[in-house]
Amino acid sequence: MENNILVKLNNVGFQQNQKWLVQGVSLQVEKGKIVTLIGPNGSGKSTTAKIALGLFKNIEGQVEKFTNNIGYVPQKISIDWTLPLRVRDFMLLTDNLTEDVIDEALSLTGVINLKDKSLGNLSGGEFQRVLLARAISKKPELLVLDEPVQGVDFTGEIALYELIKEISEKLNCGILLISHDLHTVMSATDHVVCLNGHVCCSGSPKEVAKNSEYKALFGEQAAQTLSIYEHNHDHVHTNDGDIKKN
Amino acid sequence: MFDDFFIRALVAGIGIAFVAGPLGCFVVWRRLSYFGDTLAHSALLGVTIAYSLEFNIAVSIFLISSAIALILIQLQKKTNLPSDALLGLLAHSSLAVGLVVIGFLTFIRFDIMGLLFGDILAVNKKDLVTIWVGGALILLVLRLIWKPLFASTVNYELAQAEGLNPDRAKAVFTVLLAAIIAISIKLVGVLLITGMLIIPTAMARNLSDNPKKMVIFAIIGGLLSVFIGLFSSLEFNTPSGPSIIAAALVLFIFSLLKVKQTIQLKN
């Protein structure tokens, strides 16, 4: 199964201004699998994703990357008004795509009508759909999605999560998905990693569901796209950031 | 045909406008106008070194400007001063040192006004070759680094995450900036080169809704500025650099009318 691994983090950590943003994280993303990172604000989800993408130079631990065909949806992106950019220009940012490929991707995320609009005139949700369309248009082997549905309306959110699931199956690509929402995680997720500066707990949602007292909860929700991942922590976080074992 | 000084100035200006358009767009997009200024100020030092060592002026300016860019990057890493203070420090000290050195070189007659503001009479046939060959090279290299440079201008992390090399593109772009300053100093002058880069570009921004259009309009704006500027320089006996920049300013003011219209349409 070695050759199915797209990216592998081995005990990685990153510190900035003498403060560890994240430490001791190990995970791997395989072809056709979705790994979801969850955790509160400032828990190091985006940092972990950026480590996986190779955006930091001085990290602890090892990152092994087995693909260079990557699509990335960053958490924050601001387009400067000094740079006039239409959606179609933005789609061509890192790759040379044909019109057909661009149209297909924009149709999938439901924003084909915005193709000639200026990027600065889009609403938050529209922009998010364009970001997602851009990331999937190049048919990547690895997709890194940092809160890809922020600002999207509720029905759109479910549709986009279903789309993400579909894409992972169709393209057989691995997905590293980030959500700051502790309760709403896709049922399609193969592996959940809960972060809070380090890995608090991790595992397959289904396994957790089978083995825990929350089986009933998962059983009820399994048919739906959204499911609840219940935490089984062996420690608590105090307000000053310390970790206390139960 | 190139025996007429005015034709030479015109051909030189056309060459510069073609290169200044695309480079100027990146200067504006990446917010580098003060950085361009600093490189241009250091060019005077390059000129004096060229004279005292009897060295090619364009090459000398190119080397000094590149060196100043490298020094700036080092200072940014090793001091706690903000970038604008470091840029000011380098711009004014290199301009000052350049002028002091000129003071010492009493055996050479310098046309300081010409160096600072450009001189329509100064462009010779060799300069035309430098401008057109150098300009073609600059555009070729810019074409090669366009994708990573543009992508990282929009979003650095996105470009890097998806396998482009933004740091290399940025370093190469800095060198290109030093190169255009080196080839355009005679016509436009030390103090106004950045104006040639950013004013036609600013005009182009008012008229465009996509990057390609903006580059094309920046080139057209530059060409028009060169034509209008040089003809009025000839007519009114004004220095060439300020005449070109003043023409660019007039075009920019006209482009504001278009912005006003678009804003009214939006409301």
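Which exposed residues does the face of helix 4 of chain B turned away from its buried side carry? The legends below, which describe a predicted model, reach the reply in the second view; local features need pLDDT of at least 70, side-chain atom pairs count only at pLDDT 80 or more, and totals for chains, interfaces and linings use all residues. Residues are numbered from 1 along each chain as its sequence is written, while chains are lettered from A and ligands numbered from 1 in the order in which they are written.

**View 1. Chain B is built with eleven helices and zero strands.** Helices (H or I, at least four residues) and strands (E, at least two) are DSSP runs, numbered from the N terminus. The radius of gyration of chain B, taken over C-alpha atoms, is 19 Å, close to the 18 Å that the globule rule gives for 267 residues, so chain B is as compact as a globular protein of that length. That rule is 2.2 Å times the number of residues to the power 0.38.

**View 2. Helix 4 of chain B has a buried side and a face turned away from it.** A residue is buried if 20 or more other C-beta atoms, placed from the backbone, lie within 10 Å of its own, exposed if 12 or fewer, and partly exposed in between. The buried residues of this helix are B:Leu87, B:Leu90, B:Ala91, B:Ser94, B:Leu95 and B:Gly98. They cover an arc of only 115 degrees around the axis, which puts them on the same side of helix 4 of chain B; the arc is that of the directions from the helix axis to the C-beta atoms. An α-helix has 3.6 residues a turn, so residues three or four places apart point the same way. The face turned away carries the exposed residues B:Ala85, B:His92, B:Val100, B:Gly103 and B:Phe104. The buried residues pack against helix 2 (33-53) and helix 3 (57-78) of chain B, two residues being in contact if their C-beta atoms, placed from the backbone, lie within 7 Å.

**View 3. Chain B and chain A meet in a contact that takes 20 residues from chain B and 18 residues from chain A.** Helix 7 of chain B gives the most to the side of chain B that touches chain A, with five residues. By class, this side has ten nonpolar, six polar and four charged residues, where Ala, Val, Leu, Ile, Met, Phe, Trp, Tyr, Cys and Pro count as nonpolar, Asp, Glu, Lys and Arg as charged, and the others, Gly among them, as polar.
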